Amino acid sequence: MAEQGFTPPTSEWYHPSADMVEGANVPDYEAVYNLALQDPEAFWANRAETLEWYKRWDRVLDDSRKPFYKWFVGGKTNMALNALDRHVTTWRRNKLAIIWEGEDGEKVTLSYWRLWQEVNKFANVLRGMGVAKGDRVTIYMGRVPEIAIAMLACAKIGAPHSVVYGGFSEQALASRIEDAQSKVLIACDGAWLRGKIVPLKDMVDEAVQRSPVVETVIVVKRTGHDIHMEPGRDFWYHDLMALPIAKTEAETEVMDAEDPLFILYTSGTTGKPKGVLHTHGGYQVHPPPTLAWVFDLKEEDRWWCAADPGWITGHSYIVYAPLILGATSIIYEGAPTYPNPDRWWRIVADYGVTILYTAPTAIRGLMRFGEAWPNRHDLSSLRLLGSVGEPINPEAWRWYHRVIGKEACPIIDTWWQTETGGFMITPLPSVGLKPGSATRPFPGIQVDIVDDDGNPVATNEDGNLVIKSPWPSMIRTVYGDDDRFISQYWEKYKNQGWYLAGDTARRDEDGYLWVIGRNDDVLKVSGYRLGTAEVESGLVSHSAVAESAVIGIPDELRGNAIHAYCILVAGLEGSDALEAELKAHVRHEVGPIAVPAQIEFVENLPKTRSGKIMRRVLKAQALGQPLGDLSTLED
Ligand code: WT7
């Protein structure tokens, strides 16, 4: 069900300046889009030519086993070859790859040369500990430079990484370790957040107890507080990096284009998270041109994607695409509003950030503190601003445009998903903008909005967003579960062979696309993706709860707020104390991002005759809206 009451304006235009258009890496969107449409394979092959391959591909696309598409078949490469190795033989060895700022003000800069050396050292350490090509390594860290080093070292030795966001807690971590069968876990002792320590290693200890498959834990020291180190299992990163095996040169594993680069778990419609699988070949081809063209990235830019490396946004646009392009990428630790609500604006001014990419929820959060905070800082280095994660409401768009961008920076609203690997619907800087619309598909991408039978819907009518042809960084499968891959994304339009995105969207009279929201049991809360089933299973794992249902209620700040209904076990009664206890329980089991804003104790839940909870009915009721068709309701 789409967000209620969302009526996008369709007539408010913002046109790019002539300078922006003329100077852009791609000044004519229309021409490039149409060219790519004529021969998408040639288009992507051209992109792939800009990269290095140990062996060139024999075929661009193999679609003989749809939907298990293969890209750059027969090609041999490695993400680390393109993100690092090739830069250190050029002048770029001296360029900054990563600028990092800790919450406590500590700073680290890594040139391409230095990053390459650190990655080589850690690759040697991992090899020395027995990690081989194909072994899955789980990474559970805060936002420290070592997270990028760990990801790249895994790529270099051909060990697929599975990064688990540091905001998840033990059960979520344990189930992801279990699913990936990771024997090695790379973690931090803790992370700094708003002046407090997030005790990551404590959660690791609990998670490892729950999923004993882990044999080795490597711990990066960040907070330095007291933690337990299990002898024979836990090792300090800095100790290992000081060993003689940690040499500054390491061989890069030659990978098949279709060999897995990483697994990234994301929420779906069941409680079990899906391991989205991406590969070395296709994934290195798609995100870089999207960054270069959409954000007009130039050699001298300072690019700041303010996301977390633990999400796809961070994988693609903090780590991999910027490094492939030889860019300078900024990573910060902590929160936008700590110690003061001008932390971000101070960072922009201090480092001369030219492009900032963030989420609507962060913009709304900062907007609340007023204009004085950004106005204290010189933001004139900014050229472009970006948004991702959920629809951006026009009010936040205008504030971002006026107060942060001084009406000179285009707002680039990028629609994509963990599954797509890179931008799919997005303006290029030469395109006219409408607040709230992600505008048009990226060159090489074909999308449509269709009804349940696959017929295109009329202008300004809601429908299902589909992707009609394959793209290089598409999800290859759900790790270990090909059936789920098919049923989730390809079953609905199997006759047409289209990919089902799970979003409701509409197209206006100018052909602009408006993504409205998820139409499955997935919630976007503060831009985070959560399954209702994940929160529900967190709740029912408490002994007081017999059954629960979770919905998203529109929320000004968070986009959606989690609203939970619980049926208690017989004999128990709801109370404020129990509500608080259940919230703490969900925080502990699933993580802080999954904590319901409100929990209501109920006697019954609306269900279909086959026993499925009708969340649609709960939502309509909560919003005081008509309940709609109740013919399938059991009672
Ligand atoms: C879902 C994917 C891809 C990076 C972060 C999210 C929503 C994402 C937009 C946007 C409207 C958006 C969709 C999508 N979404 N970007 N610009 N406008 N909605 O990745 O966690 O896999 O979530 O985020 O609902 O399906 P993700």
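1. Helices (H or I, at least four residues) and strands (E, at least two) are DSSP runs, numbered from the N terminus. Residues are numbered from 1 along each chain as its sequence is written. This is a predicted model, in which local features need pLDDT of at least 70, side-chain atom pairs count only at pLDDT 80 or more, and totals for chains, interfaces and linings use all residues.

2. Arg194 sits in the loop between β9 (191-193) and β10 (196-198). Its phi is near 50°, a positive value in a residue other than glycine. Cis peptide bonds join Lys66 to Pro67 and Tyr338 to Pro339, with omega about 0° in the former and about 0° in the latter. Pro67 is in the loop between β1 (59-62) and β2 (70-73). Pro339 is in the loop between β17 (328-332) and α13 (343-351). For context, most residues other than glycine have a negative phi, and most peptide bonds are trans.

3. Overall fold. The protein chain has 20 helices and 29 strands. Its radius of gyration (taken over C-alpha atoms) is 24 Å, close to the 26 Å that the globule rule (2.2 Å times the number of residues to the power 0.38) gives for 635 residues, so the chain is as compact as a globular protein of that length. The C-alpha atoms fill a box of roughly 70 × 60 × 60 Å along the principal axes.

4. Ligand shell. The ligand is surrounded by 17 residues (each with a heavy atom within 4 Å). The closest are Asp413, Thr414, Thr418, Asp503 and Arg529. α12 (312-324), β20 (411-414) and β24 (513-518) each supply at least two residues of this shell. By class, the shell has six nonpolar (Ala, Val, Leu, Ile, Met, Phe, Trp, Tyr, Cys and Pro), six charged (Asp, Glu, Lys and Arg) and five polar residues (the others, Gly among them).

5. Taken alone the ligand exposes 560 Å² (Shrake-Rupley method, 1.4 Å probe), and the protein buries 96% of that.

Methods
Heavy atoms only, no water.
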